[in-house]
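Good morning, and thank you for coming.

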Amino acid sequence: MGSPSRAWEHGDNIMEAENVFGDFLERNSINIVPPVPPAIPIEEFYEEYPVSDAVDEDDEDYGDDSEVYANYSDEVDEGSSSSVILVSNSQRPGRFSDPYDSDPDSLMGYNMDFPAGSPVGFPIESPMDSLASSPETSPESSVMGSPVGSRATSPNRCPATTSATSLKRTYENIEDGNSKTEDEAFSCSICLDTLTNTGLHRPACLKCGHIFGENCLQRWIMTGCNRDAKRCPTCNRRANVKDIRVIYAKNLIAVDTAELTALELKVEKENREKNLMHLEAEKWKVKATYLDNEVKRLKTMVDIDLLNKQAAGPTSLRQCTKKINLCKNSGCRVMAYNKYSMMLVVSQHSESSLFNSHVIRKLNGSTLDVSKDCIFAHKKQIRDMAFHPFEHNLLASVSLDKCINLTDVTCNQVVSSLDVNEPLWSCCWAGDNTNMLVAGGQMGSLYYIDRRYMKLFNADQSRKFGCVSLISIPPSTSRAFMYGGFMKTRMDYLSMFEQEPGKQMHCYTETELPLKGLWTNTSYDYNSNLILSTSKPCGTNKSVRHIVSKIADYNTEGPVITPVVTFYAGDKATQLSRSCLVPTTGASYEDTLACSFDEKSKTIKVFNVNQGTNPHNFQVNENFLDLCPLPGMMNSGRRLLAGLSENAVNLFTV
């Protein structure tokens with residue numbers, strides 16, 4: 001930029017122009033100083049009068065600019081130069097800027113219209129044009145011969161300083177400042193640890209603006225300072241907890257601890273739950289210890305009480321404690337008892353005129369209350385019943401109507417049934433297989449039934465004396481017949497049926513027992529391994545015999561069954577009544593008892609097997625067809641015995 005060189009010619013027109021400019025300069029009191037060379041270099045000038053590129057907003061007085069420039073003008077006047085310096089009160093000291101306004105036609109605040117052919121000394125172009133020109137511009141075009149209001153400098157001694165260079169230097173200074181304070185932006189000056197964007201150590205500041213970790217700052221103010229001297233750790237300015245402000249900055253340099261904070265919270269939660277579980281476990285341990293001590297105390301009291309009872313013996317006499325009438329007409333025949341459910345079932349004739357059948361009645365063993373519900377099971381008299389050894393709700397029954405029934409006593413329904421070719425007198429569950437039901441016929445036949453399918457697997461049919469009793473013998477390794485099976489009591493002889501290992505479930509080996517008599521009944525006590533067999537008077541034996549025998553031990557030489565003691569009763573036995581063994585409950589004063597009904601004397605005889613005596617007889621007025629012990633039930637220190645007559649159930653303490 002810049003005006004082209006003009007050749008001035010003297011003439012009338014030129015003189016007229018000089019007069020006009022002369023009048024103008026005289027009117028406005030403008031003195032044109034002849035240009036002189038610079039008295040000092042530009043570098044030395046800036047050293048004496050420092051130049052600031054930035055404006056300090058906090059300065060309140062900038063001073064008088066005219067004094068600086070006036071002094072400098074006096075120094076310039078002493079030398080000789082072709083440069084002119086114009087003093088302006090509108091500029092700030094130390095600024096290297098154009099002394100003219102942005103308007104090139106303005107000089108010292110006055111607008112001027114320069115005519116064509118202006119004389120030497122008046123500016124035609126801005127003096128900053130030469131300074132802002134590119135390095136490719138020649139010295140002749142960048143530095144005018146005698147510009148008015150410009151600082152004449154030598155191109156070789158002082159290069160031009162542009163505004164772009166000043167901005168670059170300012171940006172570099174800002175970057176240097178940021179690099180110096182970078183550590184302060186992401187670290188806490190209290191704990192010297194890095195700041196986090198989450199958690200307790202996130203950045204926070206006070207009113208003074210200094211940044212710390214939030215928890216460190218709170219701890220500093222609350223505990224690190226005196227009550228009356230709460231101050232900022234950096235600038236010592238007064239501060240309070242309420243002055244803390246959490247900083248949410250986009251460009252804040254902080255360590256990303258979101259995942260770490262989440263894991264710490266999770267660990268803290270797990271530790272808290274773990275501590276709670278430990279406390280709960282300790283509480284239960286204390287409670288368990290207390291309960292153990294209480295159990296020991298109660299057990300000691302029970303043992304002491306039991307010892308006292310054993311020493312004193314029963315507190316009551318043997319007697320009939322209760323009688324329960326079942327029906328008006330005679331029709332009762334057999335009983336069965338389940339010690340696990342404490343249920344006693346009785347067979348009787350139906351009292352309803354609509355049903356000419358025999359039913360099963362249930363009694364609660366603990367209270368002996370009779371159920372009003374009746375289970376219609378058979379059309380003719382029921383001769384035997386047996387509970388399943390494990391499924392206590394399942395009851396098997398046989399009758400003279402040639403039918404075998406399985407009854408669910410819980411729902412009072414017959415669940416399955418099977419018919420055979422002859423009337424049945426007895427039944428039992430095979431001791432070696434709980435799915436095998438064995439039934440004995442009136443002609444001595446045996447029927448093997450699988451209760452899962454209610455199917456007849458095998459039948460040993462014969463035409464001999466009837467099978468009056470079948471007893472289950474469970475397996476045991478300590479005695480003979482270790483594989484278990486059942487014992488068959490036919491009217492003319494006794495035999496044991498043992499399962500053959502490795503063969504089918506209905507294949508049994510029969511062993512005849514060395515006892516002779518006209519048998520009416522057999523019972524077995526598993527705890528004492530004793531068998532009670534009752535025989536009618538026959539041959540040389542003119543009275544009823546009750547023979548107590550024991551199954552021999554395993555590998556014992558000699559007979560597999562050994563007689564222990566024999567009890568004698570009257571010489572009358574017109575009916576097939578059932579006798580029984582009453583097992584002990586564990587008391588020292590108790591012995592195994594054998595009970596039977598003596599038809600001649602109308603008494604229920606009680607025999608002591610261990611002592612071989614007859615300690616007591618119950619005098620009755622009716623014929624008793626069946627006797628059944630009630631294990632697990634006691635009354636005044638004595639065991640209970642249920643006796644079934646033709647129409648009632650009697651309860652005796654033995």
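Which residue in S14 stands opposite Leu 406? The residue opposite Leu 406 is Ser 416.

Before I go further, a word on the source. This is a predicted model, in which local features need pLDDT of at least 70, side-chain atom pairs count only at pLDDT 80 or more, and totals for chains, interfaces and linings use all residues. Residues are numbered from 1 along each chain as its sequence is written, and side-chain values use heavy atoms, with hydrogens and water left out.

Let me return to that pair of strands. Strands are DSSP runs of E with at least two residues, helices are runs of H or I with at least four, and both are numbered from the N terminus. Two strands pair if DSSP finds at least two bridges between them. Strand S13 (residues 403-408) and strand S14 (residues 413-419) are joined by six bridges in the antiparallel sense. The two strands form a hairpin with four residues between them, and Asn 412 in the turn has a positive phi of about 60 degrees.

Now the overall picture. The protein has nine helices and 33 strands. Of its 654 residues, 40% count as buried, where buried means under 20% relative accessible area, exposed means over 50%, and partly exposed lies in between, with a 1.4 Å probe and protein chains only. The protein exposes about 37,500 Å², and carbon and sulfur atoms supply 51% of that area. Such areas come from the Shrake-Rupley method with a 1.4 Å probe, and for residues only the protein chains shown count as cover. A contact means heavy atoms within 4.5 Å. Among contacts between residues at least 6 apart in sequence, 49% join residues at least 24 apart.

I turn next to strand S24 (530-536). How many of the seven residues of S24 are buried? Seven of the seven are buried, so S24 is largely enclosed by the rest of the structure. Leu 530, Leu 532, Thr 534 and Lys 536 point one way from the strand, while Ile 531, Ser 533 and Ser 535 point the other way.

With S23, the pairing is antiparallel over seven bridges, and Tyr 524 stands opposite Ile 531. The hairpin of S23 and S24 has four residues between the strands, and Asn 529 takes a positive phi near 60 degrees there. With strand S25 (residues 545-551), S24 runs antiparallel and is joined by six bridges. Here Ile 531 stands opposite Ser 549.

Ser 549 deserves a moment. Ser 549 counts as buried because its relative accessibility is 1%. Leaving aside neighbours within four places in sequence, its contacts include Leu 515, Ile 531 and Val 564.

On a 1 Å grid over the protein atoms alone, a cavity is a set of points where a 1.4 Å probe fits but cannot get out; a pocket is an open set with protein on both sides within 12 Å along at least five of seven lines; and lining residues have an atom within 4 Å of a point. Grid points are joined across faces, edges and corners, and a volume is the space filled by probe spheres set on the points.

The structure holds five cavities of 30 Å³ or more. The largest cavity has a volume of about 160 Å³. It is lined by 17 residues, and those closest to its centre are Thr 534, Val 544, Ala 573, Ser 577 and Phe 597. S24 and strand S28 (593-598) each supply at least two residues of this lining.

What is the volume of the largest pocket? The largest pocket has a volume of about 1,500 Å³. Of the 42 residues that line the pocket, Tyr 337, Phe 387, Ile 471, Ser 472 and Tyr 524 lie nearest its centre. Strands that each supply at least two lining residues include S7 (335-338), S11 (382-387) and S23 (518-525). By class, the pocket lining has 26 nonpolar, eleven polar and five charged residues. In this classification, Ala, Val, Leu, Ile, Met, Phe, Trp, Tyr, Cys and Pro count as nonpolar, Asp, Glu, Lys and Arg as charged, and the others, Gly among them, as polar.

Finally, a sheet. Three strands form an open sheet in the order S4-S3-S5, with antiparallel pairing. Strand S4 (211-213) and strand S5 (245-246) stand at the edges with a single partner strand each, so one side of each is left without a neighbour in the sheet.
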